[in-house]
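This briefing reviews selected side-chain contacts and surface features.

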Amino acid sequence: MARGFDPHYTKYKFRELKVYSSTEWLADNKKKYRQVFDRYETTYIYAELSFYNKLFDEEDWEIEVELKCFSLKRGRKEVCSLPFRRKVSKYDNVVYIREGWGNQKEGAFWKKGTYYWEVWIEGVKVATKYFYVEDAAKDKNTKKNPYLEIKSLKLYEGSYDDRPEFERTYYKVFNHEETRYIYVEITLKNLHPAKNWQCELFTKFYNDARELKGRVVRLQRIEKKDDIIKVTAGWGSNVKGSWRKDRYTAEIVFMDRLLAVVPFEVGEDFGEGSPGIWFPDRQSTFLLQDDTDDATFEDVMERMDKLIGLNAIKQKVRDHAKYIQFLQLRKEKGFNEKDEINVHSVFIGNPGTGKTTVAKMMGKLYRKMGLLSKGHVHEVDRVDLVGEYIGQTAPKVKEAIEKAKGGVLFIDEAYALARSNDDSKDFGREVIEILVKEMSNGTGDMAVIVAGYPKEMKHFLDSNPGLKSRFKIFFEFSDYLPQELSQIANYACAEKAIRLTPPARGRIDEIIVEAYRNRDRSFGNARFVFDIIEKAKINLGLRVMSEENPRMLEENILATIRKEDVDKISIKPKRELPNIPIDYELLKGAMEELDRLIGMEKIKQQISELVQLVEFYRDIDKNVLNNFFLHTVFIGNPGTGKTTVARILTKIYKALGVLERGHMVETDRQGLVAGFVGQTAIKTAEKIDEAMGGVLFIDEAYSLTSSGAGGHAHGDFGNEAIQTLLKRMEDFRGEFFVFVAGYPDNMEEFIKANPGLQSRFDKMLKFEDYSPAELYAIALQMFEDEGLEPNEEAKEHVRKYMAFIHEFRDKYFGNARTVRGIVTEAIKNHNLRLSRLPKEERTDLDIRRLTYEDVASFKLDKNEFIFNKKTIGFRNTGGASPG
């Protein structure tokens, strides 16, 4: 539709609304944006509206804008209204409009409270931005910060989801190959305990060339009772290797003032401890050394005792430590011990039972006892150790050993190194031989801990006699008991700053008991509990935001999970999606595009019912986000519209607010699988990262489980892609969706090949072959799209030919693809016929009209077929037909 006739067309596209007070100009036309201001330092507070100019490089135009500011102190009160018209130049791609309100005297106008700017363009509200003015009764005669004081700054490594405090290991040097996110743990003392107030901290990460690597903003409400405040801010990627070797700094900024600078390095290996902290407000450069490695042996044991459950493990670790101390005492007294002190262990247990946490504590214990020089943990699995070809495995294992020197080499799922006693070509055995040699005759200063399921670990130890002689210490990690999982739930609530009502507490315990009774060896234990608490918090957020004015709610309501929030949780994994409102205009366009497709009525009905359900749930304020799985299987023969519907469905999901970006990344086996072990996981992860916020569409997905020409290795690399995919689908639930497509028989085998696939793909769209009438309609539509209109004789022949090829189709029949080939051939015939006419004899009607002569080459004769099972829409000079 032309823009002049579209009532919804606008000459702009909203970009952003920001708030600032300093009029200082920064690079790239930026300001010092923030949301929290001190009353006595503030004169004017400005709103910066930016939007994209749709008429860029076309014409000048005018825009009508109104900026309104409101105070929420004792209800909603208008502070100011600033209406104006502005000329928009055709030379400006992005337009900035800045206006403010206040008084030129500091502290004269703005009082403590919550405010927000509101933007109206051409009578339509387009954005709202909140800001806060705080009053700490600042003494003008001192430069001391009246709000907070930094007590400590520590650095640690973690994933996107952060890391619980008891699992953190603090570093001053990070390994460039193993580091994902680098977090700053900021501990602050509240110097303004008389009132509640808003704290806005900026953490900026710079490399050695002073280039900004990343910036994190944390806005946190500080309660009167909060004496010590802990804030974490991290930057990086879930894909390892995003940090390069260099020197970096993390800078902490509050109210436009630099509070502290923390230097750190990214190099070859991790280095524990805390770096120096530079405070710019000291009279001279001041380094505050915060050594985190001053804990005693008993301090480490005390930390272990604080872990929930694991009573048998705690006692065994303590007994093991005491026995080592006894052996050390005997050596001091002159006893000649023939055997070296054994620090190599086997950890047996299900996921989430604390194996990695205990391994880290044992590293610290061994260091305190003088058995290890560093005490860190280097965690690996089969992919990190095994090469694909002869000669590749040994260097990988030696590199892992080198990184673990001075600490613990923790091998998770170690049984994967001994896949089969009969498989002499499996390079996992080479890993085992190198490890046995290192543990027997190596330089020492390393503990090896292997972990996995009981049955598999017995097979692992039996695979090499040397393993049994080196691993004599066994720790069996039992599943947590329901009462222990309930305690973990309390801990998770404290970590996430939420509380449970008694009915909600009771329902959480019921879910825990039910899951415990039905558990298998894949039961997630502590991970499971953290997951259900996170889901309950999401449901709390959705319920709160459905209120008419959630910002007016009391703080305890924002932190209290009710039974209704917990009732929406299913033990089975369900997606968690951002709360984005429905875009009805986009939805209407996508549904119309779907309706225009020929045939596939059942699929249209399925999608329509999904849309109706989502809209209904929104209408009654029911939680939409935990009621649908959207990972989808597309089953059908070639040319039945799978990819087309996938693209439309992606638009629909975007319109419904369940996709953040709403794009679709199309790939196949070649785009996911690499030629070497370990590379496939990286390649698949990169493709998933590309699809984040949208849909990953995998065509011919069954080839990932095919054992065809590639033999075992072919299937294994494909399985590596599937395992990576399943883990990302679990770790990033709701952040992207996966569509897999293929032929019916192959896709059934694909889904059944892995239990994880069956549990995650519960939505299936089955694409039937088109009927003769639908094939005929598709052909007419294609002719129309090319600006051609067949005459009646041509139409009748095309209709008969479609019925003919449909009758003799086989499983390689190409459906719409075959029709496309026929249409293309007819157009070629039409063009050749016209080319033989003199130019002056060609009329517009001739150019538009398709005649019987153009389609006569498509004969209703089976003898014209050329047999070739691997292609579709086959023809020779006499005609075209399916194979």
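Across the whole structure, a search finds 50 salt bridges. The model is predicted, and the values below are computed from it.

- Lysine 87 forms a salt bridge with aspartate 60, with 3.7 Å between the closest N and O atoms.
- This pair ties together parts that are 27 residues apart in sequence, because lysine 87 lies in strand 5 (residues 77-88) and aspartate 60 in the loop between strand 3 (44-53) and strand 4 (61-71).
- Lysine 87 has a relative accessible area of 62% and is therefore exposed, whereas aspartate 60, at 37% relative accessibility, counts as partly exposed.
- A salt bridge also joins glutamate 64 to arginine 85, and here the closest N and O atoms are 3.2 Å apart.
- That pair links distant parts of the chain, with glutamate 64 in strand 4 and arginine 85 in strand 5, 21 residues apart.
- Both partners count as partly exposed: glutamate 64 has 39% relative accessibility, and arginine 85 has 46%.

**A salt bridge between two loops**

- Arginine 809 forms a salt bridge with aspartate 769, the closest N and O atoms lying 3.1 Å apart.
- The partners come from distant parts of the chain, 40 residues apart: arginine 809 is in the loop between helix 23 (792-807) and helix 24 (816-835), and aspartate 769 is in the loop between strand 29 (763-767) and helix 22 (772-785).
- Arginine 809 counts as partly exposed at 33% relative accessibility, and aspartate 769 is likewise partly exposed, with a relative accessible area of 22%.

**Charge network and positive patch**

- Salt bridges link Glu165, Arg168, Glu185 and Lys230 in a network.
- Side chains of opposite charge can pair when their charged atoms come close.
- Lys73, Arg74, Lys111, Lys195 and Lys224 form a positive surface patch.
- Lysine 224 has 48% relative accessibility and so counts as partly exposed, since the exposed class begins over 50%.

**Aromatic contacts**

- Tyrosine 44 is partly exposed, with a relative accessible area of 29%.
- Tyrosine 46 has 18% relative accessibility and therefore counts as buried, because the buried class covers values under 20%.
- Elsewhere, ring pairs link Tyr171, Phe174, Phe205, Trp243, Tyr248, Phe264 and Phe270 into a cluster.

- Leucine 153 is found in strand 9 (residues 148-158).
- Its relative accessibility is 0%, so leucine 153 counts as buried.
- Leucine 153 and valine 261 are 108 residues apart in sequence, and their C-alpha atoms are 9.2 Å apart in space.

Technical notes. Residues numbered from 1 in each chain as written. Predicted model: local features only at pLDDT ≥ 70, side-chain atom pairs only at ≥ 80, totals over all residues. Heavy atoms only, no water. Patch = residues over 30% accessible without salt bridge, like charges linked within 9 Å, V, L, I, M, F, W, Y side chains within 5 Å. Areas by Shrake-Rupley, 256 points an atom, 1.4 Å probe, with all protein chains shown as cover. Salt bridge = Lys/Arg side-chain N within 4 Å of Asp/Glu carboxyl O. Lys, Arg positive; Asp, Glu negative; His and termini not counted. Charge placed at Lys NZ, Arg CZ, Asp CG, Glu CD. Buried < 20%, exposed > 50% of the residue type's maximum accessible area, 1.4 Å probe, protein only. Phe/Tyr/Trp six-rings, centres within 6.5 Å; stacked < 30°, edge-to-face > 60°. Helix = DSSP H or I, 4+ residues; strand = E, 2+ residues; numbered from the N terminus.
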